[in-house]
Amino acid sequence: MNNHKEGVREIAVYIHLPFCVRKCLYCDFISGCYSEEIQNSYVNKLLQEIDWFFAERKKKKSENIRISTIFFGGGTPSILPTNEINRILCKLKDNCELSSNAEISIEVNPGTVKLSDAGEENKFESYRRMGINRISIGMQSASDDELKTLGRIHTAEEFDETYRMAMKAGFDVINVDVMYALPGQNYASFEKSLRKVAALDPKPKHISAYSLIVEEGTPFYDTDFHALGKDLPDEDEERRMYEGAADILAEYGYEQYEISNYSLPGYECKHNCAYWTGKEYVGFGIAAASLIDDMRFTNTKSMEEYLNAPDYESLLTLQTDVEQLSETDLMSEFVILGLRMNRGVKDSEFFERFQLHLWEAYGGIIETHVGNGLLYRAEDGSISLTGEGRNLSNYVMKDFL
Ligand code: SF4
């Protein structure tokens, strides 16, 4: 899936910072509580990995790489001192060009942004100075009781304070994460959280609303919520929350542009859109995934292995899920990811990439799902999920595999 424009290769960059104050009870991300010493070593290794990656590219190919988006995710990237984030940004800029309108996002959690290492009241001023232009705040719920059940480190009031601080520092592009289908949650309490976010003044430009998935290996998996009087919402209630989110947020001017994402017009997350529209991306840090040169791979998930890798070769041998994608894989990935977005898959873009029309590649499947009302096919041949199709997206998408 190459994106060469004017001889320039555009990539999205993800930086994984797997540090958290403590582990939330539902979390199965690669993250944990690490000492300051490990955090320092990790950032140093990450800087090394960035150098190694670009040196290797230069050795093998003569190409100009331009970064279109950078996303600092985790974990809780805001745990790190701001100068560490700046070191990573500088390292990327030392190695390649950064697009002049690059979107640079950082995830922050309430309770981790006070006092910057530059002695300021909070970290947002520093973030702005170094060029970060989008903040993503993990609020999850406006109910202290729900936050406590989730094992989050913050209260609803701390979220308010964090939001105010980010606004005061001049960040006008802010995403707020909200979760639903939580233990003990009902539609009314979810609605309250969502309305609280949408009614913030000024409004966040972007809201992500995700349902809780109870994953094996997390403390939630072994919890008897019924015995605690906090039953998980059933499937119907969960669907009501999902459908309700789009209706509620529409009242405030938000458009649903992807299964779990809503924005005011023009403020879709460019970084995530890069994934969903088949652009190339490179991830740095443990467990970070990449897709470049039609090759997919994931870095080792082990902190120890990552820190001890003496050179790039060793890091490469530790990669998992390494896969050279065939043309068929690429086509199916292009469609499945594209269908996550409300705009769907444009036939013209599919044709530009694969020299085939969607109908030629997937005529039978398209016909079936247009017939059962789950897919919409526009006159120009583009396809998108219908409202019902979004509810049953996994069922539709598996047919394109
Ligand atoms: S803050 Fe995020 S990454 Fe960290 S434990 Fe909680 S859910 Fe997981």
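M130 counts as partly exposed because it has 17 C-beta neighbours inside 10 Å. The scale behind that word runs as follows: a residue is buried if 20 or more other C-beta atoms lie within 10 Å of its own, exposed if 12 or fewer, and partly exposed in between, with C-beta atoms placed from the backbone. This is a predicted model, in which local features need pLDDT of at least 70, side-chain atom pairs count only at pLDDT 80 or more, and totals for chains, interfaces and linings use all residues. Residues are numbered from 1 along each chain as its sequence is written.

M130 sits in the loop between α3 (124-129) and β5. Helices (H or I, at least four residues) and strands (E, at least two) are DSSP runs, numbered from the N terminus. Which residues does M130 contact, leaving aside neighbours within four places in sequence? They are I85, N86 and L89. Contact means that two C-beta atoms, placed from the backbone, lie within 7 Å. M130 and G74 are 56 residues apart in sequence, and their C-alpha atoms are 19 Å apart in space.

V214 lies in another loop, between β7 and α7. V214 touches Y26, F220 and Y221, not counting residues up to four places away in sequence. Its C-alpha atom is 9.9 Å from that of L232, which is 18 residues away along the chain.

| Residue | Other C-beta atoms within 10 Å | Class |
|---|---|---|
| M130 | 17 | partly exposed |
| V214 | 17 | partly exposed |
| Q140 | 26 | buried |
| D321 | 9 | exposed |

Q140 is not a glycine, yet its phi is positive, about 70 degrees. Q140 belongs to strand β5. D321 is not a glycine either, and its phi is about 50 degrees. D321 belongs to strand β13 (residues 320-324).

Now the cis peptide bonds. One joins G74 and G75, with omega about 20 degrees. G75 is in the loop between β3 (64-74) and α2 (82-95). The bond from D201 to P202 is also cis, with omega near -5 degrees. P202 is in the loop between α6 and β7.

Helix α6 (residues 187-198) has twelve residues. It reaches 16 Å from its first C-alpha to its last, close to the 16 Å expected; that expected span is 1.5 Å times one less than the number of residues. Which residues of α6 are buried? They are F190, S193, L194, V197 and A198. They lie on the same side of α6, because they cover an arc of only 130 degrees around the axis. The arc is that of the directions from the helix axis to the C-beta atoms. These buried residues pack against β5 (134-140), β6 (174-180), β7 (206-211) and α7 (235-251).

Finally, the whole chain. It holds 15 helices and 15 strands. Of its 401 residues, 38% count as buried. Its C-alpha trace spans about 60 × 60 × 40 Å along the principal axes. Among contacts between residues at least 6 apart in sequence, 70% join residues at least 24 apart.
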